[in-house]
Amino acid sequence: MKPSDYLNDQKELLLICAAGGGFFFVLLFLLGLNLSELALLGACFLGILFFALLWDFRKRRRRLKYLQETLEALDQKYLFADVATQPETELEQLYFRILKTALKSMTDEVAESRRAGREYREFIEQWVHEIKAPLTGIRLLCENNRSALTRRILAEAESVEQDVEKILFYARLGSVEKDYLIRPVSLRECVLEALAGNRQIFLQNGVRVHTSHVSHSVCSDKKWLCFILNQILLNCVKYRRKEGPVIELGSKEEKDCVLLMVTDNGIGIPAGEVERVFDKGFVGSNGRAGGSGKTGTRSTGLGLYLCASLCERLGIGIRICSEEGEYTTVTLLFPKEELLSYKTVT
């Protein structure tokens, strides 16, 4: 608290003191007191007023400093009114009661919001598991009755499965830390698993995939990593070129990390949009146009946002470079094993 702030708060009191002092000065002068006596009385009055204000200012500043330090020391700020010492004045006591009432209302609202969010997440997870059963049935029926039509149905079923997985991972995004297991995984195994889950989509769109240069192992969560690769590969298919689409996957080791590169020869990303592709809901000009896919569906702007969010939580770096009409490369950067602090979360 600054002295100027304190004086500004006390301006009404100072005006009253000035008016009262002026009134009594005139009254005493009319009663016959000389100027030297009036000056002495005025000096005494101003001295008493000055020391009274100084004492009150120092007291308030100490109290405010204590309250501010108490608040800053708390991790859970809403406990401030319970942790601080008892109010020193009736006015402060009233303020504390108002503060406690407001904070209780806030914590009740937060608790209700968290409960609703938890119930919503549980509902989404239950729905995802239930919808997977008929999708698995469709896949089995198509596998046992191969034809041009069933292959198309199988490709659409794979697309639906990927969208369902995206919903599940988006719902779990706020609690990723409770659902991953960091351990050594083979990049090649993750890549092959992601490709197998989208086999019909690649066949239907005539996309060739090369994985001969993927050979390293990293420390990560296999399930989340496969999901990230899924989203990157589906983007490669969606924004492929019409003739001869190719996806190249490769890994290499650098001084302090292992890199996994996913490169396509698709339509690329405009230079002004490359830095925004990881923003939530950003679809870009290609996404609004529907990409190059046969379905003509428009982008939701969630795929790469989820990738970036999951990479941040898993300690994986992600970057993208592209030249419009030529290529797009997404690179995942995995810290080497010795730099990782192993953590298993159940």
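Start at Thr331, which sits in strand β7, a stretch running over residues 327-335. Keep in mind that this is a predicted model. Thr331 has a relative accessibility of 6%, so it counts as buried, the cut-off being under 20%. Skipping its neighbours within four places in sequence, you'll find Thr331 in contact with Leu259, Leu260 and Met261, and also with Gly317, Ile318 and Arg319.

Now step along to Leu332. Again leaving aside neighbours within four places in sequence, Leu332 is in contact with Leu225, Ile228, Leu229 and Ile232, with Val258, Leu259 and Leu260, and with Cys311, Ile316, Gly317 and Ile318.

That brings us to the largest nonpolar core, a set of 50 residues in which Leu229, Ile247 and Leu332 touch the most other members. The top contributor is α9, which gives eleven residues. Apart from this core lies another one, of six residues, including Val128, Leu135, Leu168 and Ala171.

Next, look at how α9 packs with α11. Their axes come within 9 Å and cross at roughly 150°. Because angles over 145 degrees count as roughly antiparallel, α9 is roughly antiparallel to α11. The crossing of the two helices is left-handed. On the α9 side, the contact is made by Trp224, Phe227, Ile228, Gln231, Ile232 and Asn235; on the α11 side, by Gly303, Leu304, Leu306, Cys307, Leu310, Cys311 and Leu314. Sort the residues of this contact by type and you get ten nonpolar, three polar and no charged.

How values were computed
Residues are numbered from 1 along each chain as its sequence is written. This is a predicted model: local features need pLDDT of at least 70, side-chain atom pairs count only at pLDDT 80 or more; totals for chains, interfaces and linings use all residues. Side-chain values use heavy atoms; hydrogens and water are left out. Helices (H or I, at least four residues) and strands (E, at least two) are DSSP runs, numbered from the N terminus. Buried means under 20% relative accessible area, exposed over 50%, partly exposed in between (1.4 Å probe, protein chains only). Contact means heavy atoms within 4.5 Å. A nonpolar core is a set of buried Ala, Val, Leu, Ile, Met, Phe, Trp, Tyr and Cys residues joined through side-chain atoms within 4.5 Å. Axes are lines fitted to C-alpha atoms, for helices over the stretch in contact, and angles run from 0 to 180 degrees between N-to-C directions. Angles under 35 degrees count as roughly parallel, over 145 as roughly antiparallel, 65 to 115 as roughly perpendicular and the rest as oblique. A crossing is left-handed if the near helix is turned anticlockwise from the far one by less than a right angle, and right-handed if clockwise. Ala, Val, Leu, Ile, Met, Phe, Trp, Tyr, Cys and Pro count as nonpolar, Asp, Glu, Lys and Arg as charged, and the others, Gly among them, as polar.
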